[in-house]
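Morning, everyone. Please have the sequence and the model open while I talk.

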Amino acid sequence: VMKLSGMEQTLRQIPQQVVAGFDQQSQKIPAPQQAALRRALIESFDAPLMERHVAKELQETLRPEVTARTLEWLRTDLGRRITKLEEAAADPKRVEELQTFAKQLEKTPPPQDRLQLIRRIDTATSASELLLDVTESMMVSIASAYDATLPAQKRTGADRIRVQVSRERGAWRPQAQAHVLVSMLYTYRSLSQSELDQYVAFLETENGLEFYVQSGAALKGAMDLGIHRATR
């Protein structure tokens, strides 16, 4: 399931995203600390470790019939094609292509019925919320790791940092939703309306919804593990 759904590739990209986020925010940190923190984040958000954590969580939480139904969908021609489209769109080399596509959308907005289907995909897969989870985890891990390098009397503490960052989540939501909307329009641009309908039909089944709820929870747990390891 993890392989056919593209989840493995998603997990392998998270360490790069965390380090990229750190590099953007680490200019004010002294060079020796910067190097040490970067190394700690790379080691903490270890992709194989996160994969094992997610696999264990899914083994414990996914009902066998949900796994079977999900595999059945993922092995269809359309299911395989969608996963390939998602993996291709996630390639960092496609960033410029996505930006060009976004500018084209400003001039030529998509039909309302297609927008509606994309929004249903976002809701069913919790894609925007998952993006917010990853962003929040990145911010907390970077801040907590840096906080741990300060003298004890000057530390904020991981719990307070988590509360402070979570307060910003609501302000990030509109931007996350807009990003997911454009990304999905780009990712699924070659699919017909009928094919999108079939995809949404699977996602909105009881099995589809349960799979994405449990997958999101397992991924968030893996991110929390990374934060804990980075702070330690």
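Let me start with a definition. Buried means under 20% relative accessible area, exposed means over 50%, and partly exposed is in between. Keep in mind that this is a predicted model.

Take Gln-177 as the test case. Is Gln-177 buried, partly exposed or exposed? Its relative accessibility is 37%, so Gln-177 counts as partly exposed. You will find Gln-177 in helix 10, which covers residues 169–187.

Ser-44 belongs to helix 2, residues 31–44. With 5% relative accessibility, Ser-44 counts as buried. What does Ser-44 touch, leaving out residues up to four places away in sequence? The list is Leu-49, Gly-226, Arg-229 and Ala-230.

Next, Glu-210. That residue is in helix 12. Glu-210 is buried too, at a relative accessible area of 17%. Setting aside residues up to four places away in sequence, Glu-210 touches Thr-61, Leu-62, Arg-63 and Val-66.

On to helix packing. Start with helix 1, residues 7–25, and helix 12, residues 206–231. They pack at an angle of about 25 degrees, and their axes are 12 Å apart. That angle makes helix 1 roughly parallel to helix 12. Their crossing is right-handed. Which residues meet there? From helix 1, we have Met-7, Leu-11 and Ile-14. From helix 12, we have Phe-211, Ser-215, Leu-219 and Met-223. By type, the residues of this contact are six nonpolar, one polar and no charged.

The second pair is helix 7, residues 112–125, with helix 10. Here the packing angle is about 115 degrees, with the axes 10 Å apart. Helix 7 and helix 10 are therefore roughly perpendicular to each other. Helix 7 also passes helix 10 in a right-handed crossing. On the helix 7 side, the contact uses Leu-115, Ile-118, Arg-119, Ile-121, Asp-122 and Thr-125. On the helix 10 side, it uses Val-180, Leu-181, Met-184 and Leu-185. This contact divides into seven nonpolar, one polar and two charged residues.

Now the charges. Side chains of opposite charge can pair when their charged atoms come close. How many salt bridges does a search of the whole structure find? It finds 16. I'll go through three of them.

One is Glu-51 with Arg-12. Their side chains meet in a salt bridge at 3.0 Å, N to O. Glu-51 lies in helix 3, residues 47–61, and Arg-12 lies in helix 1, so this pair ties together parts that are 39 residues apart in sequence. Look at the accessibility of each partner. Glu-51 is buried, with a relative accessible area of 16%. Arg-12 is partly exposed, at 44%.

Another is Asp-133 with Arg-169. The closest N and O atoms of this salt bridge are 2.9 Å apart. The pair links distant parts of the chain, with Asp-133 in helix 8, residues 127–147, and Arg-169 in helix 10, 36 residues apart. Asp-133 is buried, at 13% relative accessible area. Arg-169 is buried as well, at 15%.

That pair is also part of a network. Which residues does the network of salt bridges link? They are Glu-129, Asp-133, Glu-136, Arg-169 and Arg-173.

Asp-224 and Lys-220 both lie in helix 12, four residues apart, about one turn of the helix. Their side chains meet in a salt bridge at 3.9 Å, N to O. Asp-224 is partly exposed, with a relative accessible area of 26%. Lys-220 is partly exposed too, at 32%.

To recap, briefly. Helix 1 runs roughly parallel to helix 12, while helix 7 and helix 10 are roughly perpendicular. Glu-51 and Arg-12 join helix 3 to helix 1. Asp-133 and Arg-169 connect helix 8 with helix 10. Thank you. I'll take comments now.

Definitions and conventions:
Residues numbered from 1 in each chain as written. Predicted model: local features only at pLDDT ≥ 70, side-chain atom pairs only at ≥ 80, totals over all residues. Heavy atoms only, no water. Axes fitted to C-alpha atoms, helices over the stretch in contact; angles between N-to-C directions. Helix = DSSP H or I, 4+ residues; strand = E, 2+ residues; numbered from the N terminus. Parallel < 35°, antiparallel > 145°, perpendicular 65-115°, else oblique. Left-handed = near helix turned anticlockwise from the far one by under 90°. Contact = heavy atoms within 4.5 Å. Nonpolar A, V, L, I, M, F, W, Y, C, P; charged D, E, K, R; others polar. Buried < 20%, exposed > 50% of the residue type's maximum accessible area, 1.4 Å probe, protein only. Salt bridge = Lys/Arg side-chain N within 4 Å of Asp/Glu carboxyl O.
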